[in-house]
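This report describes the fold, the packing and the surface of one protein chain. The sequence and the structure are shown first.

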Amino acid sequence: MHDISQRVRYAFDAKARDIGVTRQQWRTLFLLSRMDGPTQSEVADILEVERITLTRMIDRLADAGLVERRADPNDRRVWRLHITEKAGDIVDRLTEIGRSVEQTYMAAISPQEATLLFELLGRIRESMRDEGSAVPSQNKVES
């Protein structure tokens, strides 16, 4: 599983290189595109990175015009994160790259086998969550 995951990441990275965002940045953009204004703490927890690491990354994404911080209307101490329209275009491009890479590698198996594979991997992931298995932090080990 590790070898397959690594090769898929390398293929994706090679195709996404010209977009100009790092893997950790595009993971953050994907997450923000699927959530409605999470806090930095929530994003750090989901991505399993240190809060200071995420703060620096959000600073860079904000400087690039890809993310904006908006004050929480219910708590002045809290900032909510939102992607910008510019980031939405990048997420769309990255999604297409992801689909292309997936189609390339999944062509080796039938649609029925692919469905079974995703189901089985999902069950493994759920069993890991149920056990409370520790997942290495992204800033320690590349997953």
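The accessible surface of the protein comes to about 9,800 Å², and carbon and sulfur atoms account for 52% of that area. Accessible areas come from the Shrake-Rupley method with a 1.4 Å probe, and for residues only the protein chains shown count as cover. The structure is a predicted model, in which local features need pLDDT of at least 70 and side-chain atom pairs count only at pLDDT 80 or more, whereas totals for chains, interfaces and linings use all residues. Residues are numbered from 1 along each chain as its sequence is written, and side-chain values use heavy atoms, with hydrogens and water left out.

**Overall architecture**

The secondary structure comprises six helices and two strands, arranged from the N terminus on as α-α-α-α-β-β-α-α. Helices (H or I, at least four residues) and strands (E, at least two) are DSSP runs, numbered from the N terminus. Along its principal axes, the C-alpha trace spans about 50 × 40 × 25 Å. Of the 143 residues in the protein, 32% are buried; buried means under 20% relative accessible area, exposed over 50%, and partly exposed in between (1.4 Å probe, protein chains only). Among contacts with a separation of 6 or more, 57% are between residues 24 or more positions apart, a contact being heavy atoms within 4.5 Å.

**The nonpolar core**

A nonpolar core is a set of buried Ala, Val, Leu, Ile, Met, Phe, Trp, Tyr and Cys residues joined through side-chain atoms within 4.5 Å. The largest such core has 27 residues, and those with the most contacts inside it are Val21, Leu29, Leu54 and Leu94. Helix H1 (2-16), H2, H3, H4 and helix H5 (85-106) each supply at least two residues of this core. H5 provides the largest share, six residues. Val21 is in contact with Trp26, Leu29, Leu66, Ile90 and Leu94, when its neighbours within four places in sequence are left aside.

**Helix H3 and its surroundings**

The buried residues of H3 are Gln40, Val43, Ala44 and Leu47. Seen down the axis of H3, these residues fall within an arc of 100 degrees, so they line one face of the helix; the arc is that of the directions from the helix axis to the C-beta atoms. An α-helix has 3.6 residues a turn, so residues three or four places apart point the same way. The cover over the buried residues of H3 includes H2, helix H4 (51-63), strand E1 (67-72) and strand E2 (75-83).

Thr39 lies in the loop between helix H2 (23-34) and helix H3 (40-47). Thr39 counts as buried because its relative accessibility is 12%. Not counting residues up to four places away in sequence, Thr39 touches Val78, Trp79, Arg80 and Leu81. After H3 comes Glu48, whose phi is positive, near 60 degrees.

**Salt bridges**

The structure holds eleven salt bridges, each defined as a side-chain nitrogen of Lys or Arg within 4 Å of a carboxyl oxygen of Asp or Glu. Three of them are listed below.

| Arg69 | Asp59 | 2.7 Å |

Arg69 forms a salt bridge with Asp59. This pair links distant parts of the chain, with Arg69 in strand E1 and Asp59 in helix H4, ten residues apart. Arg69 is partly exposed at 29% relative accessibility, and Asp59 is partly exposed at 32%.

Arg123 is exposed, with a relative accessible area of 53%, while Glu119 is partly exposed at 43%. Elsewhere, salt bridges that share partners join Glu42, Asp72 and Arg80 into one network.

**A nonpolar surface patch**

Met1, Ile109, Leu117, Phe118, Leu121, Ile124 and Met128 make a nonpolar surface patch of about 620 Å². Patches are made of residues with over 30% relative accessible area and no salt bridge: like charges are joined within 9 Å, and nonpolar side chains (Val, Leu, Ile, Met, Phe, Trp, Tyr) within 5 Å. Leu117 is found in helix H6 (residues 111-131) and counts as partly exposed at 32% relative accessibility.
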